[in-house]
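Subject: Structure handover

Hello,

Here is the structure for you to take over. My notes on it follow below.

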Amino acid sequence: RMTDSFVHEALPMRVVFGAGSMARLPDEAERIGSRRILVLSTPQQRELAQRVTALLGERAVGVFDEARMHVPVETVAAAEAVAADLAVDGCVAAGGGSTVGLGKALALRRGLPVLALPTTYAGSEMTPIWGLTENARKRTGRAPAVLPRSVVYDPELTMTLPVDVSVTSGLNAVAHAVEALYAPDGSPVVTAMAEQGVRDLATALPLIADDPRDRVGRATALRGAWLCGACLGATTMGLHHKLCHVLGGMLDLPHAATHAVMLPHVAAYNLPAVPAAAAALRRSLGLNDTADAADAVAALTALTARLGAPGSLRDLGVAESDLARVAEEVLAGPYANPRPVNRPELTALLHAAWTGDAP
Ligand code: NAD
């Protein structure tokens, strides 16, 4: 199907990539015509927000450094109040998916253009997907207006990302690419991006695990994260993302670590049903032509083990008794998946992910 017929819609994204490219932020702000910029960060990345402010000079009129995971509506309201007070006409989101998510919420609610300066591998900056959490429920949607107008990828900013977060965040990115390979709305462009994205991360993450200041590793991983994020933005995700969304929302699990645990298990479930996707994944993991889907899964499993990623849902604090509720909610909501999902198979998959047994 993939090569016979497809629809590919390119998103209007401008990407500026390279070590030291943070210095190009003022030019990027000029391009989109923002003169009164609010700089967004988490409390942990306040110092980065200050560096961005210094770089932007008079264009930066304030800092809002209270971004947090899952974009709580209270946080958005507080940021909106600051934005209104300062009459800002744009924002720079300097950080990971949580900070970019806050920028997107401001774009959605106030029409503010966003410049993104990503510092993790989550890839949110490449997608039109927004999320907002109210009363412990996360709503998500797609809106072209939340796409950052420009994304500045500076690998230097990722040097401080701790090894454990680098690993889980990088595997989160790999999961975007794996699901894009069998998405109903894939295309040859998506497949090419996914293959290169996985190849980059599979090469770079071991280098980073050995030495978090490895410059080649950092640049390669960030390039892979960009490509994998673009896959996420271009396609509809399947069982893996559905499971992680339900697990994260219901049990308040750490986002990237949940992706890292689930990745080999869902791959083992889906890949035998999609030979072309399995072949693309094998190529990107450096396996030869005689390898099959099971070998690709084994290589993914070996990669996560080599990186010291969390190995089981039990390690993340999930109780075995929670699994039935998770399965229930996954089965209740429709989503795209190449292999049909039924209760016994889903329960077995969740149980294997809980114990951490090889899939
Ligand atoms: P995060 O943004 O929550 O960052 C994790 C922590 O690491 C934070 O404390 C942050 O301050 C810190 N940090 C980030 N970069 C750092 C650096 N370079 N050095 C030191 N510390 C650093 O984590 P994340 O995994 O990037 O994002 C997860 C969130 O993004 C989730 O809420 C998820 O739902 C969302 N997300 C959304 C999309 C989308 O398309 N909308 C895609 C992926 C993830």
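**Helix α3 and its surroundings**

The buried residues of α3 pack against β2 (37–40), β3, α4 and β6. Contact here means that the C-beta atoms of two residues, placed from the backbone, lie within 7 Å. Helices (H or I, at least four residues) and strands (E, at least two) are DSSP runs, numbered from the N terminus.

Before more detail, two notes on the source. This is a predicted model: local features need pLDDT of at least 70, side-chain atom pairs count only at pLDDT 80 or more, and totals for chains, interfaces and linings use all residues. Residues are numbered from 1 along each chain as its sequence is written.

Back to α3. Its buried residues are Thr75, Val76, Ala79 and Ala83. Seen down the axis of α3, these fall within an arc of 95°, so they line one face of the helix. The arc is that of the directions from the helix axis to the C-beta atoms. Glu74, Ala77, Ala81, Ala84 and Asp85 are exposed on the other side of α3. Buried means 20 or more other C-beta atoms within 10 Å of a residue's own, exposed means 12 or fewer, and partly exposed is in between; C-beta atoms are placed from the backbone.

The length of α3 agrees with expectation: its 13 residues should span 18 Å at 1.5 Å a residue, and its end C-alpha atoms are 18 Å apart. The expected span is 1.5 Å times one less than the number of residues in the helix.

Most residues other than glycine have a negative phi. Two exceptions deserve a look.

- Val71 has a phi near 50°, a positive value in a residue other than glycine. Val71 sits in the loop between β3 (60–64) and α3 (73–85). Val71 counts as buried because it has 27 C-beta neighbours inside 10 Å.
- Ala87 has a positive phi of about 50°, although it is not a glycine. Ala87 sits in the loop between α3 and β4 (90–95). Ala87 is exposed, with 8 other C-beta atoms within 10 Å.

**Domains**

The protein chain divides into domain 1 (15–158) and domain 2 (163–355). These bounds come from an automatic or database domain assignment. Taken over C-alpha atoms, the centres of domain 1 and domain 2 are 26 Å apart. At the interface, 17 residues of domain 1 are in contact with 21 residues of domain 2. Ala, Val, Leu, Ile, Met, Phe, Trp, Tyr, Cys and Pro count as nonpolar, Asp, Glu, Lys and Arg as charged, and the others, Gly among them, as polar.

**The shell around the ligand**

There are 28 residues around the ligand, and Gly96, Gly97, Ser98, Thr120 and Ser124 come nearest. A residue is near a molecule or strand if its C-beta atom, placed from the backbone, lies within 6 Å of it. By class, the shell has eight nonpolar, 20 polar and no charged residues.

Which helix gives the most to this shell? It is α4, with four residues. At least two residues come from each of α4 (97–110), β6 (129–134), α5 (163–181) and α9. Domain 1 and domain 2 each supply at least three residues of the shell.

In α10 (residues 275–284), Ala277, Ala278, Ala280, Leu281, Arg282 and Ser284 are buried. The buried residues of α10 pack against α5, α6 (188–210) and α11 (293–306). Gly286 follows α10 and has a positive phi, near 75°.

For α13 (residues 343–355), 13 residues at 1.5 Å a residue should span 18 Å, and its end C-alpha atoms are 18 Å apart, which agrees. Leu349, Leu350, Ala353 and Trp354 of α13 are buried. Down the axis of α13, its buried residues fall within an arc of 135°, so they line one face of the helix. Those buried residues pack against α9 (255–270) and α12 (323–332). Pro344, Ala348 and Thr355 are exposed on the other side of α13. Just after α13, Gly356 takes a positive phi of about 85°.

**The segment before β1**

Ala10 lies in the segment before β1 (15–17). With 9 C-beta neighbours inside 10 Å, Ala10 counts as exposed. Ala10 and Leu232 are 222 residues apart in sequence, and 12 Å apart in space, C-alpha to C-alpha.

Best wishes
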